[in-house]
Amino acid sequence: MTLSTLPVNYDEHKVPAYTLPDVLTTPDGQPVTTVGQWLTQQRPATLALFKEHVYGQMPSRPTSMRSVVRSVNENALNGVAICKQVTVLFGTPDEAPGMDVLLYLPKTDQSVPIFAGLNFSGNHCVSNDPGITLSTRWLPNTEGGEVTNNRATEDARGMEASRWPIDEIVRRGYGVATVYYGDLEPDHPEGWQTGIRTTLKTELNQAETAWAAIGAWAWGLSRLMDYLETDPAIDASRVILHGHSRLGKAALWAGATDERFAMVISNNSGEGGAALARRCFGETVAHINTNFPHWFVDRFKTYNDNENALPVDQHQLLALIAPRPLYVASAEEDAWADPTGEFLSAKEADRVWNLFGRQGLGVSVMPRVNQPVGHTVGYHIRSGPHDITTYDWAQYLDFADRLLPGPIH
Ligand code: GTR
């Protein structure tokens, strides 16, 4: 949905000339030639720039976090999985802010690798399983009436099941963990008032530009990781973080800031995610800040129509995932997210994987539609529109099998 009335460029010939900040040159112009320099100087410096100019700071993990198991179904998915619902509370009192985690785990004696990601419409949206608690949080109304008066109805169950092939993921030996992103902050400009940016009462709340909605969602992903580390059924060293679109932006930011995630997947994350801002193709900084003024820190608005002044571009966000496996996916009809800009961003980030002695993307020309490429950095452009499909998941599962081998493979 394009709300802003600003012009949009979809013409490759009208992409302006630009020079990207170099991933391996320090802000004061020194070349980065060793892993040590990357880890001690360039990585922290790059992260600091993203915090200051784009996504904001994040508070630390609350000291009194705890989790409460709400339900366990030992015979989910026709008996092959365990379904567990857990509330993670960011404080001691029962009324502390928190988030509801939904887990599907293959039945096995070993701890399992797991795909972890936020969902758009409440945990009940990922499956028709009537055992999933219907979210009582704020949700955007839907034309079909599944969500009415900003609350889910029974018809909302399974609304996004096509995006969550849980049976297949479990059959392949992986678990699934998900949280509704609105548990952290409802996605509208006033959402911060009832989300964790207000309810957490951290030192950051005082500073207007301390963090923004994408930061709040990414912070929630790190708290999900905290929970996964405590659950013996899960192999916390093999958590695969994924996200589609705005949730892909949040996944990339969480993967950049929290190195416990073993692998990161960006599905059609576009502007403010994997795509290069300086190309000004499809959605731009000005569009995103106009349509979603709550997603980024206020300072990011100073780069509206002024992308060259940004001290970073999104290839440097991807580089922050190195040397861990990263997958970037685009869709052919999703010009708004600039597939070419997503590919070039992954290509530009490659040198950081090379610094670690790994092959990253390893190709310089954008592949054809439905022809995945890459080594430790994977990329594909799928035919079809902005979405996450069975095709996308098939690539992610193969990529995880190849790059996160473990006891069950
Ligand atoms: C669009 C937005 C994109 C992307 C998308 C989504 O309206 O402009 O940046 O985040 O929403 O989340 O589906």
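Which residues in H6 are buried?

1. **How to read the model.** This is a predicted model, in which local features need pLDDT of at least 70 and side-chain atom pairs count only at pLDDT 80 or more, while totals for chains, interfaces and linings use all residues. Residues are numbered from 1 along each chain as its sequence is written, and side-chain values use heavy atoms, with hydrogens and water left out.

2. **Helix H6.** The residues that are buried in H6 are Leu247, Gly248, Lys249, Ala250, Ala251, Leu252, Trp253, Ala254, Gly255 and Ala256. Here buried means under 20% relative accessible area, exposed over 50%, and partly exposed in between, with a 1.4 Å probe and protein chains only. Helices (H or I, at least four residues) and strands (E, at least two) are DSSP runs, numbered from the N terminus. Ten of the twelve residues of H6 are buried, so this helix is largely enclosed by the rest of the structure. H6 covers residues 246-257 and spans 17 Å from its first C-alpha to its last, close to the 16 Å expected; that expectation is 1.5 Å times one less than the number of residues.

3. A polar side-chain atom of Arg246 sits 2.5 Å from a ligand oxygen. For Lys249, a side-chain N or O atom is 2.8 Å from an oxygen atom of the ligand. Glu283 also places a polar side-chain atom 2.5 Å from a ligand oxygen. Taken alone, the ligand exposes 320 Å², and the protein buries 89% of that; these areas come from the Shrake-Rupley method with a 1.4 Å probe, and for residues only the protein chains shown count as cover.

4. **Salt bridges.** The whole structure holds 26 salt bridges, each being a side-chain nitrogen of Lys or Arg within 4 Å of a carboxyl oxygen of Asp or Glu. One of them joins Glu229 and Arg260, with the closest N and O atoms 3.0 Å apart. Glu229 lies in helix H5 (residues 213-230) and Arg260 in the loop between H6 and strand S9 (263-267), so the pair ties together parts that are 31 residues apart in sequence. Glu229 is partly exposed at 42%, and Arg260 is partly exposed at 26%.

5. **Two other pairs.** Asp235 and Arg238 meet in a salt bridge at 2.7 Å, N to O, and both residues are buried. Glu154 and Arg157 also form a salt bridge, their closest N and O atoms being 2.9 Å apart. In that pair Glu154 is exposed, at 51% relative accessibility, whereas Arg157 is buried at 15%.

6. **Arg278.** This residue is in the loop between S9 and helix H7 (285-291) and is buried, with a relative accessible area of 4%. The side chain of Arg278 reaches the backbone oxygen of Asn308 at 3.3 Å. A polar atom of that side chain also lies 2.5 Å from the backbone oxygen of Leu310.

7. **Backbone details to check.** Most residues other than glycine have a negative phi, and most peptide bonds are trans. Cys280, in the loop between S9 and H7, has a positive phi near 50° and is buried at 18% relative accessibility. Asn78, found in helix H2 (residues 76-79), has a positive phi of about 55° and is exposed at 81%. A cis peptide bond joins Ala322 and Pro323, with omega about 0°; Pro323 is in the loop between H8 and strand S10 (326-331).

Terms used:
A polar contact is a pair of N or O atoms within 3.5 Å; within protein, one must be able to donate a hydrogen and the other to accept it, and residues adjacent in sequence count only if both atoms are side-chain atoms.
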